[in-house]
Amino acid sequence: MSRQRWKNNKKLLPAEHKIFQQFCEHSSLHGLNHIFEEGSLLFERIVWFLVFLSGVCFSGYFCWQMWQKWEQSPLLTSVETHLYPLRNTHFPAVTICNVNKVSERKLYSAILDNPKFMNVSYIKLQSTLRYMTKLDRAINNEEELLRLSRYYEARNISALDLFRILKKTAPSCSDMVLDCSWLGLTEPCMHYFSFLPTDDGMCCTFNGGNYFDTILDIDSKPRHEPLQVSGNGYRMGLTLVLDADLDDTSVTSGKFDGFKVLLHSPEEFPDVSHRGFVIGLGTETFVAVKATTSFYADEVARQVSPNKRQCYVEGEKKLKYFQRYSRSACSVECDTQMMEDRCHCRPFFFKGDNRTKLCEINAYSCISEVYEDIHSRGDYCGEVCNCLPPCSDTWYEPEISYASFPGRGFNRTRTFKRIVARHSLNPGSETKEYLKSNVAMLHVYYKEQTGMRYRTDIRYGIEDFISAAGGLLGLGLGMSFISVIEIIYYLFYRRLFLWLRSNWPKYRQSSTKSRTSIVPPYPVESAKFKKSPPSSPTAKPSTPSVWYLSLDGHSQLVRRGSNNLPAQIKARFSNIN
């Protein structure tokens, strides 16, 4: 019965094309009412349809262009100021690596002092340290590395023992630095140095960050905050006199004599072998630094994902072996993971935990191949490990110039007098020749008092996109928010409301007829009530009446013999009678 009623009601509803016609006649979209206008010609309707279609194409095309613009380039980076004070930025860390990686005198002493190396020849140990400090030497030398590994294994010499020999025999910071001056003061300049492993051997880092390695037993915590300066010029920076000591060389990593230097952020890993610049002996090098900082607005971090803004805010990505995130630190962890996967170990200059073992000497062939493969692919670890730069970052651009050293007036300077007094040198011609052939001077300072600062803001936010799209839709179609509601109404709810309109009166009539009376347990004659309800004008006095309450809350008086009584009341009366 209900299915038949639904079919009958469905016939009463208008067809789909009628609903569409009603939408076009009453919609707020421009042009649609002319398509179904009564009395209009077919040609006229076609013209208006094409006009409406051109408006759809116009608005759709430019809205798509706005979407592409918002999706692909949501950010805008601009120069906030050219006069950003340098006192708000950290002075760069300066990592200095001697081309001579091992001191001959220290190596002989280490062999004699360590019982494990008493029977190890100087040549074999020298060859081993050469492979450890310059990775490209290990490529295609698997057989020799395997023989060295078996040689040390037979003597119970581990990779950690070899690293300790390297650390003990490398020129220390006090060996390399003849004189140190920071902001024109010699004290406490040397306290700002750390002796740390890098991909170019053991090197000295000025103003470095925290470094810890449980396996290598290194825990370098600077006793100072990252250094800052408030002025420019070489007198307001770092000045070093570096001694290569060519008479005490054993293992070298280059075809020249001198040093390799890298400027980097204090928390950044110093990959000196790939990014460092060279300082030759007998030269005075001036490194004028331009500091550039960048930061992102707060709403960028909240509203834009890291993949779109191409950076990480502080604390957004945690590293396993580094306390503070940087792109180079992330790359180091990625390199370490790749080496663990392919070589099942890590080299000494990459950080690790107790579960990651150090590479024995026979694994350096694999390590060197992986390391070269990583750098030959460009930003491989950035793509694989998603190593994005930090959103707030500082980078340093060095401007390098050289002069011959020492000059004619150097022997009259305070620096020369300090060197002679501290190292008990003869201030004659021999000392000058030694300085010319073994020593280099380095100045690192800010070139300008201010630096450049970049700011990144949201170029197109969601509210900008909605505003632009709304303007284009209004221009092409006259569309608004109400128009969207109309479309939704006619697509999904129009048929429902039409059905309710056609069926609601029938349901009200059926509900009125189906009433439930409230009957007393005994028949109530109208004469027995002291106050009887008003009688019907058609009721006779001699005819008994019944008063009952319907479901809608209204009282009604009918005659006992009336056919309008509900069935249950009639049954009650028949039982009484």
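Which residues in H6 meet which residues in H7?

Tutor: A word on the source comes before the answer. This is a predicted model, in which local features need pLDDT of at least 70 and side-chain atom pairs count only at pLDDT 80 or more, while totals for chains, interfaces and linings use all residues. Residues are numbered from 1 along each chain as its sequence is written, and side-chain values use heavy atoms, with hydrogens and water left out.

Now the two helices. Helices (H or I, at least four residues) and strands (E, at least two) are DSSP runs, numbered from the N terminus. H6 covers 122–133 and H7 covers 142–154. On the H6 side the residues are Lys124, Leu125, Ser127, Thr128 and Tyr131, and they meet Glu144, Leu145, Leu148, Tyr151 and Tyr152 of H7. Contact here means heavy atoms within 4.5 Å. Sorted by class, this contact has six nonpolar, two polar and two charged residues. In that sorting, Ala, Val, Leu, Ile, Met, Phe, Trp, Tyr, Cys and Pro are nonpolar, Asp, Glu, Lys and Arg are charged, and the others, Gly among them, are polar.

Two packed helices are described by the angle between their axes and the distance between the axes. For H6 and H7 the angle is about 120 degrees and the axes are 11 Å apart. H6 is therefore oblique to H7. Angles under 35 degrees count as roughly parallel, over 145 as roughly antiparallel, 65 to 115 as roughly perpendicular and the rest as oblique. The axes are lines fitted to C-alpha atoms, for helices over the stretch in contact, and angles run from 0 to 180 degrees between N-to-C directions. The crossing of H6 and H7 is left-handed; that term applies if the near helix is turned anticlockwise from the far one by less than a right angle, and right-handed applies if clockwise.

Next, the surroundings. Leu125 and Tyr152 belong to the largest nonpolar core, which has 58 residues, and together with Phe348 they touch the most other members. A nonpolar core is a set of buried Ala, Val, Leu, Ile, Met, Phe, Trp, Tyr and Cys residues joined through side-chain atoms within 4.5 Å. Buried means under 20% relative accessible area, exposed over 50%, and partly exposed in between (1.4 Å probe, protein chains only). Among the elements that give two or more residues to this core are H5, H6, H7, H8 and H13. The largest share, six residues, comes from H13. Phe348 touches residues including Met132, Phe163, Leu166 and Tyr364, leaving aside those up to four places away in sequence. Apart from this core lies another, of 34 residues, with Ile96 and Val177 among them.

The axes of H5 and H8 come within 9 Å and cross at roughly 135 degrees, so H5 is oblique to H8. Here the crossing is right-handed. Lys106, Leu107, Ala110 and Asp113 in H5 meet Ile165, Lys168 and Thr169 in H8. Their classes come to three nonpolar, one polar and three charged residues.

Finally, the whole protein. Its secondary structure comes to 20 helices and 18 strands, and buried residues make up 43% of its 577 residues.
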